[in-house]
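Please open the structure in the viewer and keep the sequence beside it.

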Amino acid sequence: MKHNLKVIFIMVFLFLLSQFIGLYIVDKSIGEELALGVEKPQLQGNTSFIYIFIVILLVTIFALILAKFKAVRLWKIWFFISIVVVLTIALGFFVNQWIALALSLIAAYFKVVKPNMIIHNFSELFLYGGLAAIFVETLSIISISILLILIALYDMYAVWKSKHMITLAKFQGKMNILAGLFIPYREKNKERIAILGGGDLGFPLLFSGVIMKTFGNLALIIPLITALSLFLLLYYGDKNKFYPAMPYLAIGCFVGYGLILLF
């Protein structure tokens, strides 16, 4: 097993919770304005994946440059601002936008300045719903499917071939600032940590959100299947190896979509 069974169950539960909270946010966001006056991108549905994938590559290059030159302060500023904006959008569907902003500033402080595991993981449950609220309306089923395949292939390359995703993860780990869920635990007198990257939370949610636009609550099937995929990966994975989660989660997304089509 990649981690002990207790940690695996906690990670899968948090993943599933993030997907359900995110889908609630997405459902509330359709046709609505976002907090702080953030505009949703005006992209054409079937080709919008091109723009999003290019942005992902550019952000990754920027992050690698920061990691190479150990630009810790700049990384923290970038991370802090991103958290505040996206989390405010997410929380803006639960409370007044100014209360959402205040809560987001507090969360960002405890994620970046004075890291706190509980606040970090709790805020991650909402964060990706904010991102999905920005992009779901710009994507069609075709475009999100292509994007998911591209991300899965890219994840395999970044972990197994170039290994730059591992470099980024280690850089974030040294700063104790991670994008995604993390659960530290002790096993055989050795400190270990279970990590699930932000992309592994965000892209399955984006896929489910796009499916929800057409199929409504049937889209809730997808998080259940992707959670099963994640469980199998963590249960059968080797604890001494790095794995790209997106190929497995993408398969779960497509299997879930296939089941929806059967109804």
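Helices (H or I, at least four residues) and strands (E, at least two) are DSSP runs, numbered from the N terminus. The structure is a predicted model, in which local features need pLDDT of at least 70 and side-chain atom pairs count only at pLDDT 80 or more, while totals for chains, interfaces and linings use all residues. Residues are numbered from 1 along each chain as its sequence is written, and side-chain values use heavy atoms, with hydrogens and water left out.

**The whole chain**

Select the protein chain and colour it by secondary structure. Along its principal axes, the C-alpha trace spans about 50 × 40 × 30 Å.

Next, display the surface. Of the 263 residues, 49% count as buried, a term that denotes under 20% relative accessible area, with exposed meaning over 50% and partly exposed in between (1.4 Å probe, protein chains only).

**An aromatic pair**

Now select the aromatic side chains. The structure holds 13 aromatic pairs; rings of Phe, Tyr and Trp (its six-membered ring) pair if their centres lie within 6.5 Å, and planes under 30 degrees apart count as stacked, over 60 as edge-to-face and the rest as tilted. Centre on F62 and W78: their ring centres are 4.9 Å apart and their planes stand at 75°, so this pair is edge-to-face. F62 belongs to helix α2 (residues 48-68) and W78 to helix α3 (residues 72-91), 16 residues apart.

Then select F9, F231, Y235 and Y236, which form one aromatic cluster.

Finally, move to K2, in the segment before α1 (5-29). Is K2 buried or exposed? K2 is buried, with a relative accessible area of 15%. Leaving aside neighbours within four places in sequence, K2 is in contact (heavy atoms within 4.5 Å) with several residues, among them Y185, R192, L234, Y235, D238 and Y243. To end the tour, select F171, 169 residues from K2 along the chain; the C-alpha atoms of the two are separated by 21 Å.
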